[in-house]
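Subject: Structure for your review

Dear colleague,

Please find below the structure that I am handing over to you. My notes on what was found in it follow directly after.

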Amino acid sequence: MRRIKLVVAYDGTRYCGWQVQPNGLSVQEVLNKALSDLFKTPVTTIGASRTDAGVHALGNVAVFDTEARMPAGRIAFALNTYLPEDIRIQGSEEVPLQFHPRFTETVKTYEYRILNRTFADPCRRLTSTFWYGKLDLEAMKKAAALLEGTHDFKSLATANPAVTDTVRTIYKTSLWKEDDMIRFQITGNGFLYNMVRIIVGTLMEIGKGTWPTEYMETLLEARDRTKAGPTARPEGLTLLWIRYPEWGF
């Protein structure tokens with residue numbers, strides 16, 4: 001038996017999220033079917049990150065087990081011929097059988113895009129969220145920097161009874177503007193449910209002048225979701241990549 005790791009990119013627009021669920025078509029469901037068709041036997045993947053409906057990815061990770069002899073590096077090429085255009089494998093390799101993409105130490109990077117101009121752009125509506133008003137970028141940058149380090153992010157996540165530990169470490173944040181697009185990147189050892197989108201919603205409120213930059217510190221100490229900003233829309237969010245330092249990739 002071999003375990004194969006896939007790097008999966010997808011446009012999440014038409015999917016109900018990564019994970020297989022009864023209420024709609026998921027990325028994982030499509031990937032499982034494509035693998036099953038390729039190898040002519042049922043295949044089930046294990047994913048690293050359960051992205052939400054409408055969220056995109058350039059570097060999500062999934063693994064599956066197989067007894068097929070196909071060279072690991074060729075699987076990406078073969079599998080892409082079975083997948084729709086909005087899902088593409090970016091690479092495939094064999095990994096140790098004990099490697100688990102979700103229960104292994106990771107470093108994840110997300111990017112959120114805010115289209116900041118007078119009028120919406122229909123050509124970018126599926127990969128960014130739109131805001132027509134002025135945003136104070138310097139205030140947003142300073143507030144984002146306050147997230148770096150190890151903190152309790154209970155105020156910046158949707159409550160999940162299954163999660164009791166809400167402490168996470170953020171290694172780096174970056175926020176800048178290219179023409180009319182604001183780009184926010186955040187790298188950490190893990191993220192809670194809706195955490196990045198709630199952070200962005202809070203940063204936008206700070207950018208609008210609703211709260212001062214220092215409010216981010218108050219928010220972290222409060223451990224109260226009701227004191228944070230709204231959850232930003234999903235289409236602006238992309239999982240850029242997942243790294244596994246322990247395994248060297």
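A word on the annotations comes first: UniProt positions follow the numbering used here, feature names are shortened, and an annotation may be inferred rather than shown by experiment. Please also keep in mind that this is a predicted model.

With that understood, the UniProt record, an unreviewed entry, lists Asp52 under "active site". Aspartate 52 is found in the loop between strand 2 (46–47) and strand 3. Leaving aside neighbours within four places in sequence, aspartate 52 is in contact with Cys16, Gly17, Tyr193, Asn194 and Arg197.

The unreviewed UniProt entry also carries the annotation "domain: Pseudouridine synthase I TruA alpha/beta", which covers residues 7–103 and 143–245. Residues 7–103 are 23% helix and 27% strand, and the end C-alpha atoms of this span lie 17 Å apart. For residues 143–245 the figures are 24% helix and 30% strand, with the end C-alpha atoms 28 Å apart.

Helix 2 comprises residues 72–80, and its buried residues are Ala72, Ile75, Ala76, Ala78, Leu79 and Asn80. Against which elements do the buried residues of helix 2 pack? They pack against strand 1 (2–10), helix 1 (27–39), strand 3 (56–66) and strand 4 (87–95).

Arginine 2 lies in strand 1. Is arginine 2 buried or exposed? Arginine 2 has a relative accessible area of 16%, and it counts as buried because that value is under 20%. A polar atom of the arginine 2 side chain lies 3.1 Å from the backbone oxygen of methionine 70. The side chain of arginine 2 is also joined to that of glutamate 94 by a polar contact of 3.4 Å. Not counting residues up to four places away in sequence, the residues that arginine 2 touches include Phe64, Met70, Pro71, Ala72, Glu94 and Leu97. Ala72 in this list is one of the buried residues of helix 2.

With kind regards

Definitions and conventions. Residues are numbered from 1 along each chain as its sequence is written. This is a predicted model: local features need pLDDT of at least 70, side-chain atom pairs count only at pLDDT 80 or more; totals for chains, interfaces and linings use all residues. Side-chain values use heavy atoms; hydrogens and water are left out. Helices (H or I, at least four residues) and strands (E, at least two) are DSSP runs, numbered from the N terminus. Buried means under 20% relative accessible area, exposed over 50%, partly exposed in between (1.4 Å probe, protein chains only). Contact means heavy atoms within 4.5 Å. A polar contact is a pair of N or O atoms within 3.5 Å; within protein, one must be able to donate a hydrogen and the other to accept it, and residues adjacent in sequence count only if both atoms are side-chain atoms.
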